[in-house]
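The following dialogue goes through one structural model by question and reply. Please keep the sequence and the coordinates in view while reading.

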Amino acid sequence: GSVYLTENNITAAKESYTRAIKLSKDIGEPNEAVADIYAGMGLCLVKERNKAYAVKFFRKALTLNPSEGTRKAVESELRRIEKPARP
């Protein structure tokens, strides 16, 4: 998914992340890689301007013991998304 996301192919990235999420549920072992998957899906949704749904994926990523880099990136995205709009 991350390769597609880098190439700005959001449709393919989302499909890839969706397959990875399903596989991770079958395996049942959340870890840093699974946190990265949820964070990646959140980034896809941000690019599609679906920020409310992106927040759900970012929050899920934070519950999966992400790496320090992923945690910081996700927290940064959440701050940006949830920042109050200026009047």
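**Helices, contacts and salt bridges**

Mentor: L5 is placed in helix α1 (residues 2-6); helices here are DSSP runs of H or I with at least four residues, strands are runs of E with at least two, and both are numbered from the N terminus. This is a predicted model in which local features need pLDDT of at least 70 and side-chain atom pairs count only at pLDDT 80 or more, whereas totals for chains, interfaces and linings use all residues. Residues are numbered from 1 along each chain as its sequence is written, and side-chain values use heavy atoms, with hydrogens and water left out.

Trainee: Is L5 buried or exposed?

Mentor: The classes follow relative accessible area: buried is under 20%, exposed is over 50%, and partly exposed lies in between, with a 1.4 Å probe and protein chains only. L5 has a relative accessible area of 13%. The class of L5 is therefore buried.

Trainee: With which residues is L5 in contact, leaving aside its neighbours within four places in sequence?

Mentor: Contact means heavy atoms within 4.5 Å. With neighbours within four places left aside, the contacts of L5 are I10, A13, Y17, G40, L43, C44 and K47.

Trainee: How are α2 and α3 oriented to each other, roughly parallel or roughly antiparallel?

Mentor: Two packed helices are described by the angle between their axes and the distance between the axes. The axes of α2 and helix α3 (residues 32-47) come within 9 Å and cross at roughly 150 degrees; axes are lines fitted to C-alpha atoms, for helices over the stretch in contact, and angles run from 0 to 180 degrees between N-to-C directions. Angles under 35 degrees count as roughly parallel, over 145 as roughly antiparallel, 65 to 115 as roughly perpendicular and the rest as oblique. The orientation of α2 to α3 is therefore roughly antiparallel.

Trainee: Which residues of α3 meet α2, and what is the handedness of the crossing?

Mentor: A crossing is left-handed if the near helix is turned anticlockwise from the far one by less than a right angle, and right-handed if clockwise; α2 passes α3 in a left-handed crossing. From α2, the residues involved are I10, A13, K14, Y17, T18, A20, I21, S24 and K25. On the α3 side they meet V34, I37, Y38, G40, M41, C44, L45 and K47.

Trainee: How are α3 and α4 oriented to each other?

Mentor: Their axes come within 8 Å and cross at roughly 165 degrees, and the crossing of α3 and α4 is left-handed. Residues A35, Y38, A39, M41, G42, L43, L45 and V46 in α3 meet K51, Y53, A54, F57, F58, K60 and A61 in α4. The orientation of α3 and α4 is therefore roughly antiparallel.

Trainee: At what distance does the side chain of S16 reach the backbone nitrogen of G1?

Mentor: S16 lies in helix α2 (residues 10-27) and counts as buried at 15% relative accessibility. Leaving aside neighbours within four places in sequence, S16 is in contact with G1 and Y4. The side chain of S16 reaches the backbone nitrogen of G1 at 3.0 Å.

Trainee: Which residues does K14 touch, not counting those up to four places away in sequence?

Mentor: K14 lies in helix α2 and is partly exposed, with a relative accessible area of 24%. The C-alpha atoms of K14 and G1 are separated by 6.8 Å, although the two are 13 residues apart along the chain. Beyond four places in sequence, K14 touches M41, C44, L45 and E48.

Trainee: How far apart are the closest N and O atoms of E82 and R59?

Mentor: A salt bridge is a side-chain nitrogen of Lys or Arg within 4 Å of a carboxyl oxygen of Asp or Glu, and the structure holds six salt bridges. E82 lies in helix α5 (residues 68-82) and R59 in helix α4 (residues 51-62), so the pair ties together parts that are 23 residues apart in sequence. E82 is partly exposed at 40%, and R59 is also partly exposed at 40%. The closest N and O atoms of E82 and R59 are apart by 2.7 Å.

Key: Polar contact = N/O pair within 3.5 Å; in protein donor to acceptor, adjacent residues only side chain to side chain.
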